[in-house]
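Subject: Structure handover

Hello,

Here is the structure for your work. My notes on what turned up in it follow below.

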Amino acid sequence: MTIVQTMQDQLKAEIKAAIIKAELATEEQIPTIILEKPKEKVHGDYATNIAMQLARVAKKAPRQIAEQLVEQLDQKQASITKVDIAGPGFINFFIDNSYLTGLIPVILTEADQYGRTNTGLGEKVQIEFVSANPTGDLHLGHARGASVGDTTANLLDAAGYQVEREFYINDAGNQINNLALSIEARYMQALGHDFPMPEDGYHGKDILDIAAELVEKYNADFVEKDPVERQAFFREYGLKFELAKLKQDLADFRVNFDNWFSETSLYKEDKIKPALHLLEQKGYTYEDGGATWFRTTDFGDDKDRVLIKNDGTYTYLTPDIAYHKNKLDRGFKTLINFWGADHHGYIARMKAAIQALGYSKETLEVEIIQMVNLFENGEKVKMSKRTGKAVTLRELMEEVGIDAMRYFFVMRSSDAHLDFDMDLAKSESNENPVYYVQYAHARICTLLKQAEAKGFEADLNYLADHLLTEKAEDLLKQLGDFPQVIADAAKDRAPHRMTQYVFDLASMLHSFYNAEKVLDPDEPEKTKARLALMQAVKITIANALKLIGVNAPDQM
RNA sequence: GUCCCAGUAGCUCAGCUGGAUAGAGCAACGGCCUUCUAAGCCGUAGGUCGGGCGUUCGAAUCGCUCCUGGGACGCCA
């Protein structure tokens, strides 16, 4: 329970007591009391619309209800300094904010743990994200998925869930054959042979790199080899190469997975047939046209889906069902998958599978990451994986930097299309929100260094007397909200609220910094109190940035 | 054709469970550095929340409908 929550609960309890005392409603009739933060400061620190909600039960006008409620309210008990009734019946509370200074010792003690809560109650959640095919470079869509998935995982972890990050390696399907054939073509071409690329071949630069590596290591050894043998070798070689590259790119992007799950392992460990049998047993499958079908329409899909094609091979769906069964067998209570927008049509059948396996459809949550459009010099940069001309994650890391990418990709709610402005991300100016936030952190660091040099030390004994100015209170309130913001963002899978939060906090810091001098030799007590506040802000900004995967520099 | 996402200030976007005069940032305009980093701060201006109908004390938010943009609809993965 945080200090802010304790205060809010106290206020809610007093409101409830007042309602009963004024005989406006019985305890059972009272709806959940909602405290909201008014946008305007003249509307107090908190407001409630309970008088409007009670209008029907009490059969009175909202304003009248509000008046009777306020009359019975124990203002002292709820730390209220003033109550107003406004508008159609809002009750506005002005709180004695001295309780806020109690936040500082808590933050300084918890340090890098500040913000963590236990709201998730240790629930086991698995997050599968990126899961790009090991057939080419990671592009912008993957970068967004990586940022959003990783930050969501960080948030869930901080909110007390037990999180596992997993990458599903699609190393078993047709695309891997294509990879082998593409490498083969590039290898032969590199040695001067006229050799066609396969129709759905991969045209990326990475394939040329692999071919070059092969030529360097083996010269023309493979030219005369049996094509089947050659392709098998290239397949393994290419897969290893691509996977190593994926892992390196993601690690450099500060995204680390707990588990790399291989699709092939499902075949090797014979996990697919048992899953298939289970669906058969439960009566969800049938034969038609030489194929085996899964009756997903039983679960609201608009069409049944094929599990085994009439050539005897599986569709993509079949091992994926086995994979998700495996996840559930591992004891995860919730599975969150981050998918690109192009997989949207796949959700219904996967949810059908989850239900057919005997779980509620809410067990699987699919978060769709909408497309990223890259803009440079005000123009849209065309992307195409097929021609290999897409901008890669690696290139963007080198060009705009990791901090800006991590921040920008999480900045917008992930179900909306994102315009990524390269010039803005690169710019080291006030247009760039990443710099704005980092600058706030760096400013505090410099300030603390100066304080040390001048012999000032933070002291927690003077907080209540010196931190109740408007700007300081704004900061304190924002600091106090941090744990709740994390918990809510985690629950709602809304990582973009974290960038919003830290931006607002930075803005309040800059505002405070300009309005009030921290180091003041004439006011030693005030200086000590403010230094403590600055330390608390520094910790909170750093913790927030850490959740997003952005560095908090000491100087800029 | 069916489904999904989006449409909010000139631009990019927030807006949580329906609440008060719809908010930020950038761009525009006007101020603030002999003083802890001006990569900053303060102020001004800017809106028919795509259109319409409905639900209600109250709608950007919920429902219906239409318009516009993007995406998905395979025995591909």
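Setting aside neighbours within four places in sequence, Phe 420 contacts Val 372, Asn 373, Leu 374, Phe 375, Leu 396, Val 400, Met 405, Phe 408, Phe 409 and Ala 425. Bear in mind that this is a predicted model. Phe 420 is also one of the residues, with Phe 93 and Leu 533, that touch the most other members of the largest nonpolar core, which has 124 residues. Helix α21 (residues 524-548) is the biggest contributor to this core, giving 13 residues. Since domain 1 (3-95) and domain 2 (101-118 + 430-548) both supply residues, the core lies between them. Another core, of 23 residues, lies apart from it and includes Phe 332, Leu 335, Ala 353 and Val 366.

Salt bridges number 26. In one of them, Asp 481 pairs with Lys 37, with the closest N and O atoms 2.3 Å apart. Asp 481 sits in helix α19 (residues 470-491) and Lys 37 in the loop between β1 (35-36) and β2 (46-48), so the bridge ties together parts 444 residues apart in sequence. Asp 481 is buried, at 14% relative accessible area, whereas Lys 37 is partly exposed at 44%.

Glu 184 and Arg 230 also form a salt bridge (2.8 Å, N to O). Glu 184 belongs to helix α7 (residues 174-190) and Arg 230 to helix α9 (residues 227-252), so this pair joins parts 46 residues apart in sequence. Both Glu 184 and Arg 230 are buried.

Finally, a network of salt bridges links Asp 137, Asp 206, Glu 242 and Lys 245.

Regards

Technical notes:
Residues numbered from 1 in each chain as written. Chains lettered and ligands numbered in written order. Predicted model: local features only at pLDDT ≥ 70, side-chain atom pairs only at ≥ 80, totals over all residues. Heavy atoms only, no water. Core = buried A, V, L, I, M, F, W, Y, C linked by side-chain atoms within 4.5 Å. Buried < 20%, exposed > 50% of the residue type's maximum accessible area, 1.4 Å probe, protein only. Helix = DSSP H or I, 4+ residues; strand = E, 2+ residues; numbered from the N terminus. Domains from an automatic or database assignment. Contact = heavy atoms within 4.5 Å. Salt bridge = Lys/Arg side-chain N within 4 Å of Asp/Glu carboxyl O.
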